[in-house]
Structures are given as C-alpha cells and as structure tokens.
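Dear colleague,

Here is the structure I said I would pass on. My notes on ring pairs and helix packing follow below it.

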Amino acid sequence: MRMNNPSNIKRTRWRFKTEIIKYFLVGLMSALTVLLLLPGSPAAETIRMAWFALPPHVIPSEDGKMPTGPTISLFEAIATRMGCKVEWVGPIPLNRLPIYQKTGEVKLDGAFLHIKTEAILPFLYYPRKPFFIGIPSLAVRSDNPLKEIRSFEDIKGYRIGFVKLQSVKYPPIIENNRDKVMLDELTGENWSGRNLAKLLAHRLDAVYERNQYTSAYHATVDKISDRIKIIPLPGPSIRHYYVFHKSSPRGADLLRRYERATAEWNFNYDAMVIAEIKRLENKHTEK
C-alpha cells in the first residue's frame with residue numbers, strides 16, 4: 001500500500017484552508033456591497049426631490065418640515081427599487097418651484113404631481129406613464145341645484161376659485177371661456193381649504209381642483225362634507241407625473257432608472273389616496 005507523503009498532506013490542507021478563506025472573503029465583500037447600496041445606507045445615492053403640500057396626496061408633518069401621504073410613500077418605494085434614498089426639500093412655494101427647475105439654483109433632482117404644460121415642459125424629463133390620473137372637478141355648495149356639468153352653459157358666469165400658478169392650465173370647458181367666468185386665484189398655502197371657506201361664505205360659486213380627491217379631503221378635515229358636493233367636469237382627465245429636472249446632471253439617468261423600476265409594477269395609487277381619506281374619516285368618527 002502506498003503511504004501518503006506527510007508534506008503533500010500538509011500542502012493539500014493548506015490549499016483547502018486558503019480556498020475556504022478566499023470564498024468567505026468574496027462572499028463577505030459581495031454582502032457588504034449589497035448592504036452599502038441599499039437605500040438608507042451611507043453609500044446609497046440620494047435623490048433630492050422638491051415637495052409642497054397638497055393633501056391628501058402630500059401632507060406636511062405637524063411641524064411642517066417633512067411630508068407624508070400617498071405621493072411620498074409611493075415615490076420612496078420606487079426609489080428603493082432604483083437603489084436610492086430620498087431627501088425631501090421643502091416645502092417649496094409653488095410659484096417658486098418653476099424658477100428653481102429652470103435655473104437649478106437649489107440643486108433639485110425632481111418633483112411630483114406635475115402635469116405637462118408648454119411653459120415647463122422644456123425644463124423637465126417626463127416618464128412615459130403618469131403615476132396618477134386625476135379627474136378635474138368643481139366643488140359647489142350642497143344647495144346648488146346642479147347635479148352634473150354637461151356644457152359650459154351650466155357654469156356660465158361662475159366665480160371659480162383655484163390657486164395662482166405661473167403656468168395654470170385649466171380644462172377646455174374653462175380655458176375656452178375665460179371671458180365668461182371669473183377666476184379667483186389664491187396665493188399662499190392651503191388654498192383648497194381657504195377656497196372652500198369662501199365657497200360656503202358665498203364669495204365663490206365653485207372651487208376647481210385638478211383631481212377628484214383634494215376638495216373631498218379638505219371637506220373631511222373641516223367637517224363640511226355634508227355642505228358641499230363635488231361634480232366632475234366634462235373633458236379629458238389630467239395626467240400627473242413624477243418628473244426629473246434637466247438642470248440636474250443626473251436627471252436623464254434618474255429617468256431611465258425610474259422607468260426600469262416601474263416597468264413591471266402595477267401599483268394602485270387611487271386606492272392609496274382613498275385609504276388616506278378613509279383613515280381621516282375614521283379618525284373623526286372615533287372622536
């Protein structure tokens with residue numbers, strides 16, 4: 001019988017131990033790389049997103065410094081799929097945001113709830129698909145006999161409240177008849193709640209919103225849901241997008257990564273918003 005050479009046995013054991021150590025180190029380095037790229041880790045890339053308050057989509061915290069709400073939660077989930085974390089910059093006044101998007105002076109990478117308008121389109125990267133499709137609506141007093149809006153004749157002569165923006169785009173039924181209605185555009189914060197108060201004080205005939213949820217939410221907050229009714233306007237729906245800024249050196253790349261992250265994901269944003277309104281209703285009921 002052939003005897004194993006002790007020196008050969010030692011060399012074999014050494015090679016075996018070396019291979020184990022090598023594979024262990026490779027695995028450890030791979031694991032550390034993955035951890036460092038996870039959102040929330042120091043090495044994760046940060047996306048600087050502008051934010052402004054627009055309940056129930058975006059709700060400021062009690063101290064007004066941080067945003068919550070479905071729009072925020074959804075984008076943070078998308079950013080996770082992009083391998084990024086989010087820094088929310090704001091609240092930024094709506095009348096200043098287009099300026100920052102054009103000049104890049106605040107070094108923002110993107111924003112949310114944007115629609116496509118000729119004024120701002122050249123400065124933004126838009127994804128192929130919107131994350132939310134809103135139904136433009138008017139809130140009127142509950143004693144208004146109007147049950148549906150079929151044509152402009154139904155709202156002719158109305159004083160309609162909205163927010164003052166640098167590039168306001170109204171639906172065709174209003175835009176094509178600006179000379180036959182009075183548009184009362186507020187500046188500042190909480191324009192929706194303030195407009196509803198003016199509506200109930202008979203200082204407005206209607207409050208316009210680009211989506212079907214904002215007036216309903218504020219009416220719930222102010223416990224006036226039984227005093228208003230929300231009527232959809234005829235015409236096209238309004239597509240809302242997360243956007244990335246062309247003034248950001250990473251804008252085009254972030255758009256590509258966003259498209260990949262959302263390509264196979266069929267999220268239900270409307271269900272998220274409805275759940276937020278329902279949560280508020282239940283909170284009031286509990287009280």
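Searching the whole structure, which is a predicted model, turns up 16 aromatic pairs. Two of them are described here in some detail.

Phe-75 belongs to helix α2 (residues 70-81) and Phe-244 to strand β13 (residues 238-245), so the pair ties together parts that are 169 residues apart in sequence. Both Phe-75 and Phe-244 are buried.

The second pair is Tyr-242 with Tyr-258. Here the centres are 6.1 Å apart and the planes are at 65 degrees, so the pair is edge-to-face. Tyr-242 is in strand β13 and Tyr-258 in helix α7 (residues 251-262), so this pair ties together parts that are 16 residues apart in sequence. Tyr-242 and Tyr-258 are both buried.

The charged end of Lys-246 sits over the ring of Tyr-125, at 5.4 Å from the ring centre.

Next, the helix packing. Helix α5 (residues 191-200) packs against helix α6 (residues 214-221) at an angle of about 70 degrees, and their axes are 9 Å apart. Angles of 65 to 115 degrees count as roughly perpendicular, so α5 is roughly perpendicular to α6. On the α5 side, the residues in contact are Ser-192, Gly-193 and Leu-196; on the α6 side they are Thr-214, Ser-215, His-218 and Ala-219. Sorted by class, this contact has two nonpolar residues, five polar ones and no charged ones.

Finally, some totals for the chain. It contains eight helices and 13 strands. Of its 287 residues, 44% count as buried. Taking contacts between residues at least 6 apart in sequence, 73% join residues at least 24 apart.

Regards

Note on methods
Residues numbered from 1 in each chain as written. Predicted model: local features only at pLDDT ≥ 70, side-chain atom pairs only at ≥ 80, totals over all residues. Heavy atoms only, no water. Phe/Tyr/Trp six-rings, centres within 6.5 Å; stacked < 30°, edge-to-face > 60°. Helix = DSSP H or I, 4+ residues; strand = E, 2+ residues; numbered from the N terminus. Buried < 20%, exposed > 50% of the residue type's maximum accessible area, 1.4 Å probe, protein only. Lys NZ or Arg CZ within 6 Å of the ring centre and 35° of its normal. Axes fitted to C-alpha atoms, helices over the stretch in contact; angles between N-to-C directions. Parallel < 35°, antiparallel > 145°, perpendicular 65-115°, else oblique. Contact = heavy atoms within 4.5 Å. Nonpolar A, V, L, I, M, F, W, Y, C, P; charged D, E, K, R; others polar.
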